[in-house]
Amino acid sequence: LHDALPICLSSQADTSFTWRSGLRQLTDSVAFSLVEPDVTMVTDCTTFAGADAGDAVTIIHTITEGNLASSSEAYEVALVATLNADFQLVSGSVSTTCAAGVTDTSGFPQITLTFSSLPVGTACELRYTVTIADSAQPEEILDVTTTYNWRSVPDAINNTPGETRFYSPAADVCTETLDTPALTITPITSSLSSTGSTICDPALYDLAIGETAVYQVTVNVPEGTSPNAVLRVEAQGDASGVLEVVTANTLVVPSSMSGSTTPNPSPVISNLRGSDLILDTVEYSFGTLRNVGDNDILNDEISFLVEVRNVDDARNADVGCTTLSLIGYFDQGAFTYSSPTQLLDIVEPDLTIAVAFQTPANNFVDVNIEVNNVGDAPAFDVVITEEFLSSEFDTSTLSLVSAPAGFIYSEQTTPTGILAVFTADPSGSPPTNSIETNELLTFVVNIAYLEDRKSVV
């Protein structure tokens, strides 16, 4: 048609044409629908969330042409997945359901997929399996970055620039975090079975002043590489209380962690948390710790025993269920992981003494000495003395009436009189030679008072 001119190409998808011949003019219009490929791509990398070195994980990319109402077939589709350097491709694991899809892994950690077309309303996948290398660090964030593109018509048909549209959305980045170390502190035993754990919190040891307790410290180290790894335990050492680290034993380290710079470091006990000289910290330094990926969780645990003492210090006072604390740390590079705080209760004996004179007879009188433990811990190595002044009593007449089992009676002269002494029998054992919580013991002696000093009784 000579002089046929397009008048309008609008978003309403309507084109008008005009034809002129001399004075005559014919006009008509043709309506059509504008369509474009509508392609989306989703990467599923959730399979390596919480994984660690040695784990094999499958990654799936799903490509969809899904808008049935207004989309068209996509052509010359290409996908490029770039993986983290700590991934290792499992040979033979790459597959695709895309028709005539061609995969290329020669540039790994890049994997490419190309295929000629994706019809409207269809979807296909690229999937592959990778293992996580021993170089991966616990809590490292691993990522898969995927770019993809397509054309509106095959470029081979329309080589003229602008006669095909090239689509290239923003890259899809899928990230997940690897497994993290975990620490626990478990009570094992205490040096005094009689103190138990019943006073305040039944879940906590009750420790008397000077008593020791042994705890097992365990750290679960994810498989992989932990740089500058340090395992330490800190006992409380501040204004509200103090624990002393007495001993720490050799680590139990699985053979799978033999890649450490220092495979089995010795404990270093020091004063870290307070200005006093009390040793409150034990530390093990590994350097770079490599836990070989063998998928055996029994090979992931490091453990040791630490003994702590409730120190005889003014800060450690039994005031309404006072607690002391113990906490473990595992340092790895820029990360620090801590255990739940392990608490213990401070308990102390509290002895009261009362002296009562009984009814005199012929200038002699029985003297009852009552000792009551109103505290919340047993009292050991107890020594009870009662002095009778020679200015008031005939000290030569002092004698024992009765004493509880587990105590030895003796007498000691003083410049002013005589002492009745009751000593816990060192050859005995608790609870016979101790005064238990809420236990009342009565010691009785007899003595003659001087005639002119009857008023003292």
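**Notebook: disulfides and aromatic pairs**

I began with Cys-124, which is buried, its relative accessible area being 5%. The model is a predicted one, and I kept that in mind for each entry.

Entry 1, the partner of Cys-124. I looked for the residue bonded to Cys-124 and found a disulfide to Cys-98, with 2.0 Å from S to S. I then checked the torsion about the S-S bond of Cys-98 and Cys-124; it is about 85 degrees, so this disulfide is right-handed. I placed both ends on the chain: Cys-98 sits in the loop between strand E8 (95-96) and strand E9 (102-104), while Cys-124 belongs to strand E11 (residues 122-132). The two are 26 residues apart, and the pair links distant parts of the chain. Cys-98 is buried as well, at a relative accessible area of 5%.

Entry 2, the disulfide count. I asked how many disulfides there are in the model. The count is two. Besides the pair already noted, I found Cys-45 joined to Cys-174, with the sulfur atoms 1.9 Å apart. Is this link left-handed or right-handed? I read -85 degrees about the S-S bond of Cys-45 and Cys-174, which goes with a left-handed link.

I turned to the rings and counted eleven aromatic pairs. One of them is Tyr-148 with Trp-150, where I read 5.8 Å centre to centre and 20 degrees between the planes, a stacked pair. Both Tyr-148 and Trp-150 are buried. I next took Phe-388 and Phe-393, whose ring centres are 5.3 Å apart with the planes at 85 degrees, so I logged this pair as edge-to-face. For the angle I needed one cut-off: planes over 60 degrees apart count as edge-to-face. Are Phe-388 and Phe-393 buried or exposed? I found both of them buried.

I asked which residues form one aromatic cluster. I noted Phe-407, Tyr-409, Phe-422 and Phe-443 as its members.

How values were computed. Residues numbered from 1 in each chain as written. Predicted model: local features only at pLDDT ≥ 70, side-chain atom pairs only at ≥ 80, totals over all residues. Heavy atoms only, no water. Phe/Tyr/Trp six-rings, centres within 6.5 Å; stacked < 30°, edge-to-face > 60°. Buried < 20%, exposed > 50% of the residue type's maximum accessible area, 1.4 Å probe, protein only. Disulfide = S-S within 2.5 Å. Helix = DSSP H or I, 4+ residues; strand = E, 2+ residues; numbered from the N terminus.
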